[in-house]
Every structure is written in C-alpha cells, then in structure tokens.
Amino acid sequence: MLRVGVAGALGRLGRVACQAVEDAGDMTLSSAFARRGGEPAGAVVTDNDLSAFVGRELDVVVDCTVYPVTVEVARAALDRRIPIVIGATGWTDDDLAALSAQCDRTATPAMLVPNFSFGALLMMRFAAQAARVFPRAEIVELHHDGKRDAPSGTAKLTARRISEAGAPLPAIHSVRLPGLVAHQEAIFGGTGETLTIRHDSLSRESFGPGIVAAVRAVRALRGLTIGLDSLLDQWSTV
C-alpha cells in the first residue's frame, strides 16, 4: 500500500487528489498539508507545518499548491528523498533547473505535470503531429477566474511541443472567466484550410486518473520528468 501525502489538500486540485488517492485500491492518504484549517477525507492536516508533513512516513508526495509554495514543497520532499508528483504550475526555467539538479543530487525522482488529464495529453500529441503539416498555429486557453497563472502550464507545454515539431512558436491567448474549468484550442492555419484541436475538462474529476497513474509510476523514474507522456502508452496497465 502506497502511503501518499497531498500538499495543498484543501484547494480545487488538492481535493480531487485526496479523493482519487482514497478511491485507489493500492494507496492510502497518509497525510495532508494545507495553509488553512480543514479535514480532507479524514487525513491529518499539518496546517502550515511543512516540515511535519514531509516528516511523516510517505512513499510519494502529490503537490497541489501554488507558486511559490510549490517550490518549497518540492525542496522539502526531495530533501527527505520522497518522490514527488507536482501539479502546480508557474515554475520558471531557473526553478526547473534547480529542481532537476536536486533530483540528481538526492537520487530522488520528480514528475512535473502541467495537466493530469489524459485527454489533454492526447491533444498535445495531436498538436505536435499537426505542426509537421501546418505552417502556423495559435493557442487559446480558457480557465476559471480563480486560476492565478496565465498562460497556463498546459498551453506553454503545448506551444513547446509544436515548436519542437518544427513550426514557429505559437502565440498563446488566455481567457479567465467564471463558469469555465479547463479548456484549450490549438488552431492551425494552412492554405485554404484550418484545423482546430480542442480539449475540454468539464469537471476536475477528469484529473483523478492521471494523478493516480503518476503516483504509481513516479518511484520507478529517474531525475525530473515533465508531463505524463511516458504513461500514455501504458494507459491500460496504469
């Protein structure tokens, strides 16, 4: 039984992560960290005490906090040699370089996952394929009005994948409105035609399967892994 700790347990993604862990048959929610009071799924909340949180016997930490708290959580987990799955966005290139170095120094793996939805992952793969054919693209990402970062981590990763496939780095347009959850369009333009690849997360429960898959997989990885791509081909077994 995997002992999992969730940081940011009382946030939108954190609550989904707690429930997904509780519902999985091979893991248990052993501890939760939050900066405000509450009890997610009956777990012990070490309110505002990060050292106590990572000091518990944990096999994996799932980080659902916000930047820059996410950097503190990752450092604390890796210092304890606890593999970590990071769902928070806002990490800078310098932050990622430091995270990768700490993974190597502590011989502890980490996964940074901009989007836990397998549909969003497929959308990024299809966008990379389209970029080999269409000369230009732009991205429109739409999220709830409580999302702090813009553009989203998913949009930035999609843009990177399109660029790596040989197309120019696409512009990103961000929309923040109440009523939205998480949505993205990659729009490609060619001679006399366009192609739109769109993904919609209609509820945050769509992130649960990806969270569980990442928790199961992270301990077998090395260094820093970005995204769930390595799990997609194993979907039937994770």
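Me: Which way does H1 pass H7, in a right-handed or a left-handed crossing?

Reply: A crossing is left-handed if the near helix is turned anticlockwise from the far one by less than a right angle, and right-handed if clockwise. Here H1 passes H7 in a right-handed crossing. This is a predicted model, where local features need pLDDT of at least 70, side-chain atom pairs count only at pLDDT 80 or more, and totals for chains, interfaces and linings use all residues. Residues are numbered from 1 along each chain as its sequence is written, and side-chain values use heavy atoms, with hydrogens and water left out.

Me: Which residues make the contact?

Reply: Contact means heavy atoms within 4.5 Å. On H1 look for Leu-13, Val-16, Ala-17 and Ala-20, and on H7 for Gly-208, Ile-211 and Val-212.

Me: Why is H7 largely enclosed by the rest of the structure?

Reply: Buried means under 20% relative accessible area, exposed over 50%, partly exposed in between (1.4 Å probe, protein chains only). Nine of the 11 residues of H7 are buried, so the rest of the structure largely encloses this helix. Among them are Gly-210, Ala-213 and Val-215.

Me: How many aromatic pairs does the structure hold?

Reply: Rings of Phe, Tyr and Trp (its six-membered ring) pair if their centres lie within 6.5 Å; planes under 30 degrees apart count as stacked, over 60 as edge-to-face and the rest as tilted. The structure has two such pairs. Phe-33 and Phe-53 have ring centres 5.8 Å apart and planes at 35 degrees, so that pair is tilted. Phe-33 is buried, at 1% relative accessible area, and Phe-53 is buried too, at 0%. The rings of Phe-134 and Phe-188 have centres 6.1 Å apart and planes at 50 degrees, so this pair is tilted.

Definitions and conventions
Helix = DSSP H or I, 4+ residues; strand = E, 2+ residues; numbered from the N terminus.
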